[in-house]
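Please read the following note alongside the sequence and the model. It is written for a reader who is new to such descriptions.

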Amino acid sequence: MLCRLGCRWPRLLPALQLQAGGPLLAPVPTSGAKRPALPVWAVATVSTVGSGGAGGWYEALAASAPVRGAEEVLLGAHAATGLPWWGSILLTTVALRVVVTLPLAAYQHYILSKVENLQPEIKNIARHLNQEVAVRAHQLGWSKRVARLTYLKYMRRFVSELYVRDNCHPFKATVLFWIQLPMWIFISVALRNFSTGATHSEGFSVQEQLATGGVLWFPDLTALDSTWILPVSIGVINLLIVEIFALQKIGMSHFQTYITYFVRAVSVLMIPIAATVPSSIVLYWLCSSIMGLFQNLLLRSPGFRQLCRIPLTKSNSDTPYKDLFAAFYSKFISRK
């Protein structure tokens, strides 16, 4: 029975031998026309938050080195390009997404594809391990609980060895999250500092520059978007990203289903939150979400996946966009 697993697994349970031992066990001041006032929590400068109060953690964050670094990146991009602030925010977001996030997302897909390709081998090992544990349990008189714990112990070991062999531990796929989320927070806080007058550049108030650095219906980037166009757009784009992820998953587990519903709820909740922060932050969030949508679509391209050397899997399709449109149409349009 053991030889069917190949030479890599000469013995599934080397330690399970018959032996005597037992089993293993406020508003922002600007000149000009009236504009919506920001809530006090959104505009209070860092200096007004007591270090010992509830806002102490935010004061520390707003004055931290990563946030200062994010401010320097934004100021540097604005000075180098000479663009108005709305253009600088857009360009910086695109650059960070392309230079930082996209390579990490491609690496995430690379790891997950290798993990997916291991599933047949893992299922084969699980089947034979289950048979051998059953034989040992019968010989040694193990209870069902002991047999189950023994199976799980050795199964974890064998799966871990497979991950090491193919250098594809699933935790590596979380690198994108641990870098993207802090970057998103630092840029957001940096823009909040700009919008509230907490940061100056070469004697000029960045807040005053932002007050005239908008475009279209949001000319003042320190004010709220009274039209709610930006906040609603963020919610729609984020929901679209969630649905694209859900449509490409067939037979999701209960946990994945719960996570999908949770992310949908967060996407909707982001709309009223975005309506209470300066337009500079909302513009960054919207640009980041749009880039995230394009990134997800790009990573479905067979040509791009081949360029990134992402392994082929059974779930890959030669016509991903056609399949996506068909699934979207079937779920949301043709459903009666």
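This is a predicted model: local features need pLDDT of at least 70, side-chain atom pairs count only at pLDDT 80 or more; totals for chains, interfaces and linings use all residues.

1. Residues are numbered from 1 along each chain as its sequence is written, and side-chain values use heavy atoms, with hydrogens and water left out.

2. An unreviewed UniProt entry places the feature "transmembrane region" at residues 175-194, 228-246, 258-275 and 281-299. Such positions follow the numbering used here, feature names are shortened, and annotations may be inferred rather than shown by experiment. In the model, residues 258-275 are 94% helix and 0% strand, with end C-alpha atoms 27 Å apart. Residues 281-299 are 95% helix and 0% strand, and their end C-alpha atoms lie 27 Å apart. Helices (H or I, at least four residues) and strands (E, at least two) are DSSP runs, numbered from the N terminus.

3. Helix 3 (residues 65-81) and helix 6 (residues 175-195) pack at an angle of about 70°, their axes being 8 Å apart. Axes are lines fitted to C-alpha atoms, for helices over the stretch in contact, and angles run from 0 to 180 degrees between N-to-C directions. The two helices are therefore roughly perpendicular, a term for angles of 65 to 115 degrees.

4. The largest nonpolar core has 37 residues, and W85, I187, L191, F194 and W285 have the most contacts inside it. A nonpolar core is a set of buried Ala, Val, Leu, Ile, Met, Phe, Trp, Tyr and Cys residues joined through side-chain atoms within 4.5 Å; buried means under 20% relative accessible area, with a 1.4 Å probe and protein chains only. Helix 10 gives the largest share of this core, 8 residues. L191 touches L74, I89, S280, I281 and Y284, not counting residues up to four places away in sequence. A second, separate core of 21 residues includes I122, I125, A137 and C168.

5. Leaving aside neighbours within four places in sequence, L61 is in contact with V67, I185, F186 and V189. L61 and I185 are 124 residues apart in sequence, but 9.6 Å apart in space, C-alpha to C-alpha.

Methods:
Angles under 35 degrees count as roughly parallel, over 145 as roughly antiparallel, 65 to 115 as roughly perpendicular and the rest as oblique. Buried means under 20% relative accessible area, exposed over 50%, partly exposed in between (1.4 Å probe, protein chains only). Contact means heavy atoms within 4.5 Å.
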